[in-house]
Amino acid sequence: MNNGTFQGATLPLLQVKHVSVDYRADNGTVHALTDVTLTLERGQILGLAGESGSGKSTLGYAITRLLKPPAEITGGEVLYFPRASRQGGGAPTNGAMPAPQSVDVLKLSQGQLRALRWKELAIVFQSAMNALNPVINIGAQIIDVLRTHQPNLARRQRHARAIELLRLVGIAPDRLHSYPHELSGGMRQRAIIAIALALAPEVIIMDEPTTALDVVVQREILMELIALRKDLAFSVIFITHDLSLLLELADKVAIMYAGRVVELATRDELKQHPRHPYSYGMLNSFPQIHGERRRMTGIPGSPPDLRNIPLGCSFHPRCPMAFAPCASVVPLLRPATVQSDGQQVACHLYDPRHTAAEPPTQAELAARYETAYARALGERIAE
Amino acid sequence: MSVEPLSGAAASRGGAPATLPAAAPVLEALHLRKYFPVRQFRLRGPSPVVHAVEDTSLALVPGRALALVGESGSGKTTVARMLARLYAPTSGSILFQGTPSRGGRRASLLAYRRHVQLIFQDPFASLSPVHDVHYHLARPLRLHGHARSRREETAQILGLLEKVNLIPADQFITKYPHQLSGGQRQRVAIARALAVRPEVLLADEPVSMLDVSIRLDVLNLLLALKDEERLAVLFITHDIASARYFAEDTLVMYAGQTVEGGPSDEVIQRPQHPYTQLLVSAAPDPARPADTPFQARGEIPSLITPPSGCRFHPRCPHAMPICRERFPGRTDLGGGRWTHCFLYGEGETATLTTARPGHTPSATTPLTPH
C-alpha cells in the first residue's frame, strides 16, 4: 500500500485509516464498519458502492463525525490535508512548509469541527425534502450558512453570493425566495448542492444524492456536478448503491460489503475486470440498455446480519468461488496483480499464500455464478 | 415442475419477439382515462382535476410481459390500479378474455381478482405485520375456494412457497414478516398473488425496493413463473434497462399519455419519440463515453393544468405549432412499433383503433394541415 507517501501528482486530501464503527444495541453490537482504509485525492470523485448495510453511509458519516450514539467510532483515524495556502479556521495549517500537514478529524474538538465542516467538508444527504427547512425560503437558508461561517461578509454581498450559488446549480435567481415545497424534487436537491458549495469546500460527501429522483433529473444533476467539479476543483465522495452510475461518474470506486472495502479500483479497471467475486456479482446485477440480452444471475443469498458477521471473508456463504481459507481467514486489501498496485482486492483467490492457482478469469467467474444459480434452482426442484 | 421452464425462458428471450405468433390477449384496456378530483375550494369554474391518465390502450398476452415505463407522475401506477380495478376508470373499458369487466358488486370483483392479481412495490407495507406467512397465503386460497380442508390448505401453501424459492418451505410457513428480508417478503407477496392461480399478474415496481444483488433473483423468478404458469405480466418500472431485461414489449408513458410502444429491444435501442430518446439518454450506461452531452429542458408538467396537445411539447426539441394544438394519433412504424408523434405523421391509424368516435381528443378536433 502506498499510504503515507506523497508523489508529486497525487496529493491525498483525505485519508481514512483503519476506521471501525460499531452500533451498540441491546441484542448485540452491530459492526457497521471494520478496518476501512481509503484515500481521496485532490480533484477526485471517489465512489462508495454497496448494498444496504454495507457501511457506505456510515463511512460518510464517520468522516464528517456526524455519527450519534449508539454509533461509536472504535478506532482508526481520518486525516485531512488542508491546502497550504488556505488559512483554515480550525485546521492548523503551516504556510511555510511545502508538504501538507494533516489533521485527524476524529480528534478535533467541537469548535474545530465546526470550522472544518462546510468550509472544508460538506455533506449532501439523500433526501432533500428532509434536509431543507420547510418554513424558511431557500435564499434565507443559503444566506444563513454564509452569515454563520463568513461573518465579515456584508448583507448585500451575502445576497449576491446566494444568487451566484443558485445560478451555479442551474436555479433561476428569482427562486431565491421560494420555499422548499414550491420547488420540485430536483430543484430541492440542487438547492442543497448550492448550500454545500456555499463556502467552496474541498470535499463534498454525497450520500445517494440522486436516488430519490427521476432518471432525467438525476442525469441533469450529475452532469451539473461534473461541470462544477471541473470549474471549482473540489473532490467528491459519492455514496450510492447504483454501481452503474459510478462506472460513468467516479474516478475510483470502493466496493463495500458487510462493513469492509472488498475492492478498490479505477472505473475502467472495474469495468474491464472486476476482481472480487462480489464486485463481479454486483456488476452482473444491473441489466444494460445496450449489448446482448443475456440472462443475469445476481448474487444468491442475502447480505449478512451485521451482529453476526460470518467468520473469515464475510462474503463466503454467498460466494460461488469460496474455498477452504475463506471460512477462517479474513482477507485484507492487497494488489490484485503483481504488475500494478492500483487495483486492490480483499480476496484469497488473488493471494499466492492461499492458492497456487491462477486468479479466476471473467469467464470463470461468470461460469461459477451460473452453476451456483442452477444449483440453487436444482435444490428448489428437488425439495 | 421441471428445470426446463427457466432454460425455456432463456431461449425465448434470445429469439426475436416479433416473430412469435400473436396469441389472443387475456386482458385488454381500451382508451382508459382517469381523472382524480382535487379537493380545492374554487369560487367559480369547474373544480380542478388531476389528468392522471389519458387514452391508454394496452393488451396483455399469456406468457408475455409488457413493461410500462415512465417517470414518477407518468400515470403508470394508475393504469395498473385501474387494471386491478382498485380505481374505476373515468372512461374507457377493460376487457377480460374479450368480455367487458365493469365495476360493481363485491362478488364480481372477487371473480375478477381470481384472474388478475397485483404485486405492490413495497413488501414492507403489503404484508400485515401481525400475521404469519401461513395466514397470508391461506386467505386467498380460502376466499377463492381452492382449498377445502386444512390439510389441503397447508399442502398448497408449501407448494406455493417452493414455487417462489422459499426453501425449506415448512420453516417459512410459520414466520412473520419482520423475520424475513425484503427479498423474502416480496417472494411471499408473489406467492400470495399466485395462490389464486391468476392469468394476469400486474407487478408495480416489484423489485425497486429490494437490494441490488437480490433484484435479479426476484426478476428471474417472475420470468420463470411467467413461462411456467403462462402468466400475462404487466411490469411497471422506471428503469428502462430492467424493462428490456424482463419484458418482450415496452410501452412508454409521459405525463399520463402513452407516447411509444413496441418490442422492448427496438424501443430502447432505437427510440423514436423524443421523450423516449430523452429517457434512454438519461439512463445509466457504463458503455457511454463520459463526455456525452446531455440536454434536457424543463420539468414534468403539472397534471392539474397539463400542457395542451402533446404534453411533452414544452420540453421537446422538435416541437412544432401543431404539437400544442392536439395530441397526435397513433402512427404505425412497422414491426409492431408505434408512436404518438407528429414527427412521424398525423397518426391516421388512430381512427382505426378508436372504437367509438369522439373518444379521443384528436378525433373530435378537426385535422389541420401543417
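Me: In which sense do strand 1 and strand 2 of chain A pair, and over how many bridges?

Reply: Strand 1 (residues 12–25) and strand 2 (residues 28–41) of chain A pair in the antiparallel sense, over ten bridges. Two strands pair if DSSP finds at least two bridges between them, so ten bridges meet the rule. Strands here are DSSP runs of E with at least two residues, helices are runs of H or I with at least four, and both are numbered from the N terminus. Residues are numbered from 1 along each chain as its sequence is written, while chains are lettered from A and ligands numbered from 1 in the order in which they are written. The model is predicted, so local features need pLDDT of at least 70 and side-chain atom pairs count only at pLDDT 80 or more, whereas totals for chains, interfaces and linings use all residues.

Me: What do strand 1 and strand 2 of chain A form, and with how many residues between them?

Reply: They form a hairpin with two residues between them. A:Ala25 stands opposite A:Gly28 in strand 2 of chain A.

Me: What is the order of the open sheet of eight strands in chain A?

Reply: The order is 6-7-8-3-9-10-12-11, with mixed pairing. Strand 6 (121–124) and strand 11 (334–335) of chain A stand at the edges; each has a single partner strand, so one side of each has no neighbour in the sheet. Strand 6 of chain A pairs with strand 7 (residues 203–207) of chain A in the parallel sense over four bridges, and A:Val124 stands opposite A:Met206 in strand 7. Further in the listed order, strand 3 (residues 45–49) and strand 8 (residues 235–240) of chain A are parallel too, over five bridges. There A:Ala49 stands opposite A:Thr240 in strand 8 of chain A.

Me: Which residues of strand 6 of chain A point one way, and which the other way?

Reply: A:Leu121 and A:Ile123 point one way, A:Ala122 and A:Val124 the other way, and all are buried.

Me: Why does A:Pro320 count as buried?

Reply: A residue is buried if 20 or more other C-beta atoms lie within 10 Å of its own, exposed if 12 or fewer, and partly exposed in between; C-beta atoms are placed from the backbone. A:Pro320 has 22 C-beta neighbours inside 10 Å, and therefore counts as buried. A:Pro320 lies in the loop between helix 10 (277–283) and strand 11 of chain A. Leaving out residues up to four places away in sequence, A:Pro320 touches A:Pro277, A:Arg368, A:Tyr369 and A:Ala372. Touching, or contact, is a matter of C-beta atoms within 7 Å.

Me: What makes helix 4 of chain A roughly parallel to helix 6 of chain A?

Reply: Helix 4 (residues 138–149) and helix 6 (residues 185–197) of chain A pack at an angle of about 20°, with their axes 9 Å apart. The name roughly parallel follows from that angle: under 35 degrees is roughly parallel, over 145 roughly antiparallel, 65 to 115 roughly perpendicular, and the rest oblique. A:Ile138, A:Gln141, A:Ile142 and A:Val145 in helix 4 of chain A meet A:Ala191, A:Ala194 and A:Ile195 in helix 6 of chain A. The residues of this contact divide into six nonpolar, one polar and no charged. Ala, Val, Leu, Ile, Met, Phe, Trp, Tyr, Cys and Pro count as nonpolar, Asp, Glu, Lys and Arg as charged, and the others, Gly among them, as polar.

Me: How many residues of helix 11 of chain B are buried, and what covers them?

Reply: Helix 11 (residues 274–282) of chain B has seven of its nine residues buried, which is mostly covered. Among them are B:Tyr275 and B:Leu278. The cover includes helix 7 (215–232) of chain A, together with helix 9 (240–246), strand 9 (249–254), strand 10 (257–263) and helix 10 (264–269) of chain B.

Me: How many residues does the contact take from chain B, and how many from chain A?

Reply: The contact takes 42 residues from chain B and 39 residues from chain A. Helix 8 of chain B gives the most to the side of chain B that touches chain A, with six residues.

How values were computed:
Contact = placed C-beta atoms within 7 Å. Axes fitted to C-alpha atoms, helices over the stretch in contact; angles between N-to-C directions.
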